[in-house]
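Okay, thanks for making time, everyone. I'd like to walk through how the pieces of this fold sit against each other, so let me put it up on the screen.

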Amino acid sequence: MKVNAILPFDESLLDCVISSRQLEQIAAEISKRGSVSGLNRVVWALKALTLTDSTTLGGDDTAANVRSLCQRAAFPIPEHILLQLGVEPTLLPHIHTAAVCVYPARVVDATAKLKQLNKYDVIPIASVATGFPAGQYGLDSRLSEIHFAIESGATEIDIVINRQLALVGDWKGVYNEVCAMRKACGGRAHLKTILAIGELGNMENVYKASMACMLAGADFIKTSTGKETVNATLPAGLVMIYAIQEFERRKNILVGLKPAGGVRTVPDAIAWLTLVKETLGARWLQPNLFRFGASGLLDKIVEAVNEHVKGQQVADSNSADAKVAAK
């Protein structure tokens, strides 16, 4: 497994001046370019599906609902529907979510189900860890949770950063903790670092947290736990994109982006896809560089696909009736 390396702490990368008003204007302008309809909307929706970490992170999660999550992740849309949309038969095995995301205690259930479906090597299991969502535990406890999740079958670990350190500007402290988490993952799991942007106070802190995590070897930077009052917003995403671009320019290393929480509808997803395509480029629209963290987005994607197919069937039927009447 190829993972990003830990780099020396470089405080110069934390320098930034950010205008929140400009961010909002730029993000809104770019996202408007993603207004699509008809079959194009379905194509974008299917793209979003393949970039989604299908997630369940509830206190009432059980083995049964994790098994159901994995089943839907592996086979989200019936093959006959995809064929009606014009999907090539050779592409059918690739229409599945990018990963499933669960709590550490539920990784074993996801592992068993995906192995039963012969999808364990196709659909990664992501586990939140390090005291998700608050992270208010000792470092040793947080690191042991990473080891437990990986030993249970996880190949991606979504950690939460220490917001206490971030809020007092101790970026070396944030970096040191994430380095320890990177080492705990080793080459066994990709590391996604959750910034919890709604709890960082300002956009400058979002940028600095992004840089500290990337220097510490993060494979992805992720907006939110989905449990905060403010989760994934386009302006915050744009700040993180700027950090990713600067990091690539300075260090020649690619880091992925994962908006999580608040991406609930197909238009929401398309807005994010447009933002990423217009800034980082189309190469980022692949599972190794972009993900959605969402619990309800898959339902909305399937709903959009079914609505389009039904609409097309009605149109075809009306057209056939019109031809018969003309004769």
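**The sheet and what packs on it**

So, what we have here is an open sheet of eight strands, ordered 7-6-5-4-3-2-1-8, with parallel pairing.

Quick housekeeping. This is a predicted model, where local features need pLDDT of at least 70 and side-chain atom pairs count only at pLDDT 80 or more, while totals for chains, interfaces and linings use all residues. Numbering starts from 1 along each chain as its sequence is written, and side-chain values use heavy atoms, leaving out hydrogens and water.

On terms: helices (H or I, at least four residues) and strands (E, at least two) are DSSP runs, numbered from the N terminus. Two strands pair if DSSP finds at least two bridges between them. Axes are lines fitted to C-alpha atoms, for helices over the stretch in contact, and angles run from 0 to 180 degrees between N-to-C directions. Contact means heavy atoms within 4.5 Å.

Now zoom in on strand 2 (99–102) and strand 3 (125–129): they run parallel and are joined by three bridges. Cys101 stands opposite Ala126 of strand 3 there. Helix 5, residues 107–116, packs on the sheet and touches both strand 2 and strand 3, its direction making about 180° with that of strand 3. Helix 10 (234–251) also packs on the sheet, touching strand 6 (220–222) and strand 7, at about 170° to the direction of strand 7.

**Helix on helix**

How do helix 3 and helix 5 pack? Helix 3, residues 63–74, meets helix 5 at about 45°, with the axes 9 Å apart. That makes the pair oblique, given that under 35 degrees counts as roughly parallel, over 145 as roughly antiparallel, 65 to 115 as roughly perpendicular and the rest as oblique. Helix 3 contributes Ala63, Val66, Arg67, Cys70 and Gln71 to the contact, and helix 5 contributes Asp109, Ala110, Lys113 and Leu114.

Last pair: helix 2 (38–50) and helix 11 (266–279) pack at about 80°, axes 10 Å apart, so they are roughly perpendicular to each other. On the helix 2 side the contact uses Arg41, Trp44, Ala45 and Ala48; helix 11 brings Val266, Pro267, Ala269, Ile270, Leu273 and Lys277.
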